[in-house]
Amino acid sequence: MPKKTIQRFLPDHNKIKQQKSLKIFGSLLHDANLWHLNRRSARGAFSVGLFFAFIPVPFQMVLAAALAIPFRVNLPLSIALVWITNPLTMPPIFYASYQVGAFALGQEEQPFHFEASWNWLVESLSTIGPAFMVGSLICACMAAILGFFVIDFLWRRSVNKAWAERNQQSS
């Protein structure tokens with residue numbers, strides 16, 4: 001079930017190979033392991049994609065691809081998961097990251113208005129920056145770890161269920 005569900009949402013690997021931003025990886029994109037979907041590649045891709053989804057930097061997709069290639073995890077899934085933080089979800093996710101960072105650093109929360117711009121990020125580095133960056137890193141690590149184990153659990157559960165159904169049908 002997880003494999004079929006995930007594959008429905010993944011783009012064609014030939015389209016991804018032709019993305020201009022990924023041309024910097026050249027022939028590395030021809031590794032077949034980057035395009036296969038199995039338990040190992042899916043759980044690794046979830047870790048990579050979710051990690052970079054919570055890191056507030058530009059070019060998250062390129063960074064996810066750069067980490068997916070040496071770890072040989074599913075590249076399309078890694079890149080797609082970065083889009084969890086999109087223009088609609090960024091404000092609540094990054095505000096929650098700021099709150100986590102403020103709590104971790106023992107700081108009181110400061111009022112601010114989030115803007116999805118590079119200028120806002122640069123200006124905020126001196127005020128809310130430390131708490132925001134620490135919180136983003138904590139949330140990124142937690143999301144990556146949680147994603148890894150949840151996908152692994154769901155994949156194993158799906159395989160065990162399929163085996164049980166197969167055994168039941170054969171008896």
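Which side chain meets that of arginine 156 in a salt bridge? I looked this up in a predicted model. The partner is aspartate 152, at 3.2 Å from N to O. Both residues sit in helix α8, 4 residues apart, which is about one turn of the helix. I noted arginine 156 as partly exposed, with a relative accessible area of 42%.

**Entry: other salt bridges.** I found 3 salt bridges in the structure. In one of them, the side chain of aspartate 152 meets that of arginine 39 at 2.7 Å, N to O. This pair links distant parts of the chain, with aspartate 152 in helix α8 and arginine 39 in helix α3, 113 residues apart. Aspartate 152 also meets arginine 43, at 3.0 Å, N to O. Arginine 43 lies in helix α3 and aspartate 152 in helix α8, so this pair ties together parts 109 residues apart in sequence.

**Entry: burial.** I checked accessibility next. Aspartate 152 counts as buried because its relative accessibility is 11%, under the 20% cut-off. Arginine 43 is buried as well, whereas arginine 39, at 27%, counts as partly exposed.

**Entry: helix packing.** I looked at how α3 and α8 pack. Helix α3 (residues 39–53) packs with α8 at an angle of about 160°, and the axes are 7 Å apart. That angle makes α3 roughly antiparallel to α8. The crossing of α3 past α8 is right-handed.

**Entry: surface.** I recorded a nonpolar surface patch of Leu105, Val134, Ile138 and Met142, with about 310 Å² of accessible area together. Helix α8 (residues 129–170) gives the largest share of the patch, 3 residues. Methionine 142 lies in helix α8 and counts as exposed at 53% relative accessibility.

Notes:
Residues are numbered from 1 along each chain as its sequence is written. This is a predicted model: local features need pLDDT of at least 70, side-chain atom pairs count only at pLDDT 80 or more; totals for chains, interfaces and linings use all residues. Side-chain values use heavy atoms; hydrogens and water are left out. Patches are made of residues with over 30% relative accessible area and no salt bridge: like charges are joined within 9 Å, nonpolar side chains (Val, Leu, Ile, Met, Phe, Trp, Tyr) within 5 Å. Accessible areas come from the Shrake-Rupley method with a 1.4 Å probe; for residues, only the protein chains shown count as cover. A salt bridge is a side-chain nitrogen of Lys or Arg within 4 Å of a carboxyl oxygen of Asp or Glu. Helices (H or I, at least four residues) and strands (E, at least two) are DSSP runs, numbered from the N terminus. Buried means under 20% relative accessible area, exposed over 50%, partly exposed in between (1.4 Å probe, protein chains only). Axes are lines fitted to C-alpha atoms, for helices over the stretch in contact, and angles run from 0 to 180 degrees between N-to-C directions. Angles under 35 degrees count as roughly parallel, over 145 as roughly antiparallel, 65 to 115 as roughly perpendicular and the rest as oblique. A crossing is left-handed if the near helix is turned anticlockwise from the far one by less than a right angle, and right-handed if clockwise.
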